[in-house]
Amino acid sequence: MKFLSQLLLASAAVASPLLEENVNVQKRAESSFAQGQPIDGTGRGAPILGGTNHALDIQNPDNLGQQKTDNGAVVNLKWSFSDSKARIFNGGWTRQQVITDLPSSHDIAGAQQHLKKGAIRELHWHRVAEWGYVYAGSVLVSAVDEEGNYEVSRLEVGDIWYFPKGSAHTVQGLADENEYLLVFDDGNFDSTGTTFNIADWITHTPKSILAQNFGVNASVFDTVPTSGPYIANSTLPANPTPESASGLTGNSSYIFRKSQLATVPVPGGGGNFSRVDSRNFPISKTIAATIVSLEPGGLRELHWHPNAEEWLYFHRGTARATVFIGTTNARTFDFTAGDTAVFPDNSGHYILNTGTENLVWIEIYRSERVADISLTQWLALTPPDIVAGVLKVDRGVVDRLKKEKQILIKASK
């Protein structure tokens, strides 16, 4: 009996590894990207055994090799605001993405900023232009240019501002909680000599000079903060400053209202596409934008931009995009709300809505206008025999290509 028991134990010891191996083989026969494992179900890949952030792996299956068409060396083109260090103040917070976070973003830097009711983004100006989009609450913006022209305006959700390089300005929160996207036309926004805050300048100027300049007693400046508040708590006056402007009106206005936003025709029927650039917002000469809403399963058609890098901020939903940077190099990325990305100058790409809700994002270009070239339109307007010969496809396929940009294409049935 004792011998039999020992034999059974020995058999079990031998069988267990075999059983475990069989289970592993079976698991590898199934795609495991959705479970956060680099296993494609055809025998390629294996489970991750070392340290990993499993939640991130699940969120980014294309980093695990899900797309077999990816190839070559393409650097990271994605940054999440959630990875940025938030700076918090009594009146709110800010977090940004600059070139040191995303080295591929040469043209554009971005930030999210939050103001409590009455809180003020300190009086300041920049060496670069600033573009803002309100997505929560309402704010009061004021600005002055070099000619003494000024504008004071209340902005609601969907409204936009553009402050040219060097324009003095400030922003104040009006609702209980207020938040907006900031965009700057230089990826190296964090460098010294880019932002100039008034309190910093005042406290580093001799008080005798300040007194002479402003025509007041030097003691007036004893209470100026020694370190700029950046975002400061404040209260709204009983009689708020009325909207007003002198000189910064019409084509010179720094403000673009949501009501001015006209949607571009979308033959593909997959969502809404609006453009804001110097053609409808004349003052915005260095930053052009599109605001996009794409239906579930919809596709932002294959295209490229001939005039600039594309910087993106994903506001809602989930997405996938493959970026083709030339020769045989391509890489696929997964995106979710709060992510930013940059697609290199002239790189080919698409964006697919992978979620169950509308995908909403903003595209930004350091340019006076939005421009894109549709792959389908290009092929449709090229002599068909040439296209068929190069791609080795039937001439009839080429003849059926649409000659009009589809922009946003509805989900495949």
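Trainee: Which residue in β24 stands opposite Leu294?
Mentor: A strand here is a DSSP run of E with at least two residues, numbered from the N terminus. This is a predicted model in which local features need pLDDT of at least 70 and side-chain atom pairs count only at pLDDT 80 or more, while totals for chains, interfaces and linings use all residues. Residues are numbered from 1 along each chain as its sequence is written, and side-chain values use heavy atoms, leaving out hydrogens and water. Now look in β24 across from Leu294, and you will find Leu359.

Trainee: How many bridges join β17 to β24?
Mentor: Two strands pair if DSSP finds at least two bridges between them. Strand β17 covers residues 288-294 and β24 covers residues 359-365, and they run antiparallel. The number of bridges joining them is seven.

Trainee: Which strands stand at the edges of the open sheet of six strands?
Mentor: Follow the order β1-β22-β19-β24-β17-β16, where the pairing is antiparallel. An edge strand has a single partner, so one of its sides is left without a neighbour in the sheet. The two edge strands are β1 (78-80) and β16 (271-276).

Trainee: And which strands stand at the edges of the sheet of seven?
Mentor: This open sheet is also antiparallel, with the order β2-β3-β4-β11-β6-β9-β15. Two of these strands have a single partner each, so one side of each lacks a neighbour: β2 (87-89) and β15 (255-256).

Trainee: Why is the pair of Phe81 and Tyr313 called tilted?
Mentor: Rings of Phe, Tyr and Trp (its six-membered ring) pair if their centres lie within 6.5 Å; planes under 30 degrees apart count as stacked, over 60 as edge-to-face and the rest as tilted. The centres of these two rings are 6.1 Å apart. The pair is tilted because its planes stand at 55°.

Trainee: Is Phe163 buried or exposed?
Mentor: Buried means under 20% relative accessible area, exposed over 50%, and partly exposed in between, using a 1.4 Å probe and protein chains only. Phe163 has a relative accessible area of 2%, so it counts as buried.

Trainee: Which residues do ring pairs link into a cluster with Phe163?
Mentor: One ring pair joins Phe163 to Tyr254, with centres 5.9 Å apart and planes at 70°, so it is edge-to-face. Along with Phe163, the cluster holds Trp161, Tyr180 and Tyr254.

Trainee: How far from the ring centre of Tyr230 is Arg121?
Mentor: A charge sits over a ring if NZ of Lys or CZ of Arg is within 6 Å of the ring centre and within 35 degrees of the ring normal. The charged end of Arg87 sits over the ring of Tyr230, 4.4 Å from its centre. Arg121 lies over the face of Tyr230 too, and its distance from the ring centre is 3.7 Å.

How values were computed:
Helices (H or I, at least four residues) and strands (E, at least two) are DSSP runs, numbered from the N terminus.
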